[in-house]
Amino acid sequence: MKVAPSILSADFGHLAADIEMLNESEAAMIHCDVMDGVFVPNISFGFPILEKVGRLARKPLDVHLMIVDPQRYVSQTRDCGATFMNIHQEACTHLERTVQEIKAAGMKAAVTLNPATPVCMLEDIISELDMVLLMSVNPGFGGQKFIENTYAKIARLRDMIAVSGSSAMIEVDGGVTTGNIGKIAASGVDIVVAGSAVFGADDPRLAISALTNV
Ligand code: DX5
Ligand code: ZN
């Protein structure tokens, strides 16, 4: 299982050290949670921090924008070194146009769905996507409990991807632990985000390995 540790749960006072730990770990990508206090009830960090992370990281950046109107920030996200620009379907009115702009900017396009948004909302755009992120908690905070209905959504998304012939990867974000990683892996997910399960562990690097080698 590919693991994208979320730096939302990292020590922002020693972020460079945590990025270096991730560089040396088995992490597949580094997940960066940008929150604006409008789309979600929390504010995390913005582009000045993301730019620094981009300079320190030797792993691909998976930038999860929990912000309204993410289409306004395509070039800034690219300039920070993002590999995946991950935007919410609920936050973007002209999603098809924005997905094309993300790809034209040289990034991979990912679209995220909140727990209450059905996967069918992506039916007409799935063939254009490089990744779909299913939120398994309501976005805004780390350390929440995994919503069980996510398994049914994963199955529906897998069917949609198979029917369309899309090569989109499936990512799951929120409440991933060593207790549920086996079931998540068995459900056909390609990559998981893990925040507190990594940075709340005694040895974060070991925790990444444990989740990866499930
Ligand atoms: C939640 C964020 C997540 C968060 C996950 O809004 O999108 O990426 O960091 O944290 P855990 O793994 O602790 O649920
Ligand atoms: Zn996230």
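The legends below accompany several views of a single predicted model.

**View 1. The overall fold of the chain, with its helices and strands.** The predicted chain contains 8 helices and 8 strands, and its C-alpha trace extends over about 45 × 35 × 30 Å when taken along the principal axes. A compact globule of 214 residues would have a radius of gyration near 17 Å, and because the chain has 16 Å, its value agrees with that expectation. Among contacts between residues at least 6 apart in sequence, 65% join residues at least 24 apart.

**View 2. The accessible surface and the charged side chains of the chain.**

**View 3. The largest nonpolar core, with I7 and L129.** This core comprises 60 residues, of which I7 and L129 touch the most other members. The greatest contribution to the core comes from helix α5, spanning residues 150–164, which provides 5 residues.

**View 4. The surroundings of I7.** When neighbours within four places in sequence are set aside, the residues in contact with I7 are F12, I19, L22, I30, H31, C32, F45, V53 and F199. I7 is also, together with L129, the residue that touches the most other members of the largest nonpolar core.

Conventions. Residues numbered from 1 in each chain as written. Chains lettered and ligands numbered in written order. Predicted model: local features only at pLDDT ≥ 70, side-chain atom pairs only at ≥ 80, totals over all residues. Heavy atoms only, no water. Helix = DSSP H or I, 4+ residues; strand = E, 2+ residues; numbered from the N terminus. Rg over C-alpha atoms; globule rule 2.2 N^0.38 Å. Contact = heavy atoms within 4.5 Å. Areas by Shrake-Rupley, 256 points an atom, 1.4 Å probe, with all protein chains shown as cover. Lys, Arg positive; Asp, Glu negative; His and termini not counted. Charge placed at Lys NZ, Arg CZ, Asp CG, Glu CD. Core = buried A, V, L, I, M, F, W, Y, C linked by side-chain atoms within 4.5 Å. Buried < 20%, exposed > 50% of the residue type's maximum accessible area, 1.4 Å probe, protein only.
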